[in-house]
Amino acid sequence: MQRIQANDYHDIAKPTDPRLSPDGDRVAFVRTIPDDEESVEATVYVVPTDGSGPARRFTLAEGVDAEPRWSPEGDRLAFTSTRGADDDRQQLWVLPVDGGEARQVTDVVGGVSSIDWSPDGGRIAFVQSISEEDRADGRDRGVDEEYEPDEPDPRVIDRTVYRSMQQYFDGRRSHVYVVDLDAERQEGDDNDESGEEITAISPTIEGDADFNGPAWGDESTLYFTQSVGEDPDDSLEYGILAYDTDAESVERLHRTTGWGTGLAATADGSVAFVHVEAEQASLQQADLHVIDAAQAAETEDPADVEVTDVTAGLDRTLGYEAAPRWGPAEETLYFTTPDEGKTSVWAVPGDGSDDPSRLVREGTLAGMDVGVPADGDGEGRSDGDGSGDDADSDDVAVAVAMSQWDHPGDVFVSPGGGAEDLNRLTTLNEAYLDSVHVGEPEPLAFESTQGLVEGWVLAPPGFDPEGSYPLVVEIHGGPHAMWSTSGTMWHEFQTLAARGYVVFWSNPRGSAGYGEEYMKAIERDWGEATLTDVMAGVREVADREYVDESHVFLTGGSFGGFMTGWTVGNTDYFRAAVSQRGVYHLTGFYGSTDGAYKLVEGDFDTTPWEEPEFLWEQSPAGHAHEVETPTLLIHSEDDYRTPISDAELFYRILRKNDVETRFVRYPREGHELSRSGEPGHVVDRIERIARWFDGYSEYHDVPKALERGDDGLSAADAGEEDET
């Protein structure tokens with residue numbers, strides 16, 4: 001049995017975005033696996049829900065596919081893809097399910113996302129990001145083959161938030177469009193091609209705003225959201241609009257606040273949406289609200305619309321693994337939450353007549369869908385009392401893409417909607433998992449100053465309780481995220497354990513999934529509150545006889561990078577550290593990040609001009625001159641969530657104070673490097689973390705990374721092979 005290595009990343013397939021067919025017989029999902037050092041293969045697969053056969057590839061292995069969506073009749077599958085393009089703009093494609101070639105439906109300048117079929121199957125709504133110039137020249141309907149966008153020179157900025165993740169907006173806003181699949185069909189067209197008509201919905205509405213989340217109600221009503229406020233970039237407010245496709249008119253239904261702008265709508269006008277209280281929003285849990293569109297349309301002031309908070313009795317925040325879904329009978333809502341180290345799927349009556357009931361609590365989800373069971377009729381059923389809740393929850397199938405401690409991801413379905421009959425439909429990594437040792441994490445509950453904290457310990461292969469091992473401590477990002485035994489960190493944790501380290505991670509105060517009070521416990525105190533909890537767990541693990549407390553190492557990314565920088569500036573406990581894509585200077589972060597500057601306003605309840613000294617004292621950079629721990633810095637050059645300037649400042653301070661350090665910068669990468677970066681970079685990052693620790697460990701007979709250059713890195717080895 002081999003040990004897991006960083007380079008194994010190239011062999012690991014992961015599923016996302018499962019979608020049940022209307023008859024419940026099949027699940028479509030996206031399977032993603034590295035293709036080479038710089039790209040991935042993402043294709044749509046389909047698997048029968050009765051387990052009668054393996055998953056099979058449904059689309060060509062060309063480009064990157066996403067968002068598989070069944071037509072209402074189940075005869076076609078829509079998806080977005082970059083196939084045939086020389087850039088990364090997703091376009092809309094439609095594929096006949098019973099055979100035939102996929103047909104490209106759009107070629108628009110702004111790409112395609114958030115697709116949704118109309119109930120009659122004749123149209124698809126989508127979102128694209130466009131500028132006024134794009135609209136004026138018609139590129140939002142179709143792009144000439146000769147067109148090549150110009151890079152702004154100079155780039156003129158006149159927005160509060162002008163870039164995000166890895167790209168500048170450059171005057172673009174997201175807008176809602178509808179493509180009519182049957183429009184202008186040519187008479188005598190033997191190849192069944194059509195000249196689709198694309199209708200611009202949101203560009204007809206005045207105002208500089210973003211429009212998102214299109215969701216069909218009935219066949220002539222499309223709901224979507226609009227960012228609002230005096231400065232929409234600086235506001236969490238958004239409006240919910242209804243567009244009548246027959247009358248070509250817009251009705252403004254409601255105005256609310258929240259981070260997410262996805263909607264779920266029923267044919268009779270019940271619209272579900274995500275709500276977050278505006279006051280210190282980053283510390284608030286997200287709830288699921290429902291309005292009645294007819295009642296809302298009759299209300300003069302959108303703020304006075306009657307709202308039902310269907311999650312009021314649930315002390316959990318909504319998860320973003322999947323948008324809320326209405327069940328087949330359109331009377332019950334299904335949604336996900338982080339839930340004490342796992343992900344839960346919940347069902348709740350859409351009228352709020354009962355509290356949410358938990359259906360599934362397992363692993364880490366990468367998508368969820370609901371529909372009729374395989375023997376269902378596709379229409380949904382009622383139990384006869386008018387509520388429909390029991391029927392909707394009992395007669396529903398739940399499909400999830402999920403990873404667990406013993407595998408990095410597969411597709412599961414529950415024909416009855418509950419965990420007791422959750423069936424595994426795929427074994428995407430069976431051959432790989434049969435060849436490597438996968439360790440089972442040990443759950444750990446430990447006492448901190450405010451009560452119990454949950455964590456896990458992963459031992460190396462061939463673990464001997466009489467032996468002695470170094471310890472790696474990992475801190476999660478967020479800060480209001482949640483870790484489990486699976487998910488995106490599965491490969492990294494298992495790789496470090498395979499190199500002989502005991503690995504410890506936890507969900508300290510501030511983490512989601514443990515209730516509102518727990519999440520708010522780090523208000524105005526990211527550093528010390530989190531460090532108190534982390535160190536309580538570290539000492540609990542380090543007290544074990546097999547852990548060598550003189551060999552404890554530290555790493556984390558994003559908020560975990562903040563905490564790594566904070567920790568090494570406030571304690572010399574750790575032998576070496578690796579800080580990744582961190583926030584090191586809260587004032588600098590406030591000015592250079594995207595909309596995440598709201599974390600400073602929310603979590604710290606202040607701004608740089610109100611309390612500059614306080615924010616400096618709360619920043620790792622304010623303590624960087626105290627660092628003695630050898631610290632490696634890892635950052636992406638195109639990271640606009642935690643811009644690299646913060647890392648440059650921290651690195652400069654370390655250098656000026658003679659700390660053993662190195663700064664590794666990844667070109668072409670953004671904040672999602674560890675999760676969806678170029679495969680070669682993902683592998684290189686894990687190898688550099690391990691090499692940095694190895695060099696300061698007496699358990700590894702190797703020089704320090706500062707003395708090794710690129711020796712032993714996969715990228716360097718690959719380069720040598722290419723030269724030969």
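Reading strand β28 in a predicted model

Modeller: Both faces of β28 are covered: Ala397, Ala399, Ala401 and Ser403 on one side, and Val398, Val400, Met402 and Gln404 on the other, are all buried. Buried means under 20% relative accessible area, exposed over 50%, and partly exposed in between (1.4 Å probe, protein chains only). This is a predicted model, in which local features need pLDDT of at least 70, side-chain atom pairs count only at pLDDT 80 or more, and totals for chains, interfaces and linings use all residues. Residues are numbered from 1 along each chain as its sequence is written, and side-chain values use heavy atoms, with hydrogens and water left out.

Colleague: Why is β28 largely enclosed by the rest of the structure?

Modeller: In a regular strand the side chains alternate between the two faces of the sheet. In β28 (residues 397-404), eight of the eight residues are buried, so the strand is largely enclosed. Strands (E, at least two residues) and helices (H or I, at least four) are DSSP runs, numbered from the N terminus.

Colleague: Which strands pair with β28, and in what sense?

Modeller: Two strands pair if DSSP finds at least two bridges between them. β27 (residues 364-371) pairs with β28 in the antiparallel sense over six bridges, and six bridges also join β28 to β29 (residues 407-414), again antiparallel. Ala399 of β28 is the bridge partner of Asp369 and stands opposite Val413 in β29. A hairpin links β28 to β29 through two residues.

Colleague: Is Glu430 buried, exposed or partly exposed?

Modeller: Glu430, in helix α4 (residues 430-435), is partly exposed, with a relative accessible area of 46%. The C-alpha atoms of Glu430 and Ile12 are separated by 9.9 Å, and the two residues are 418 residues apart along the chain.
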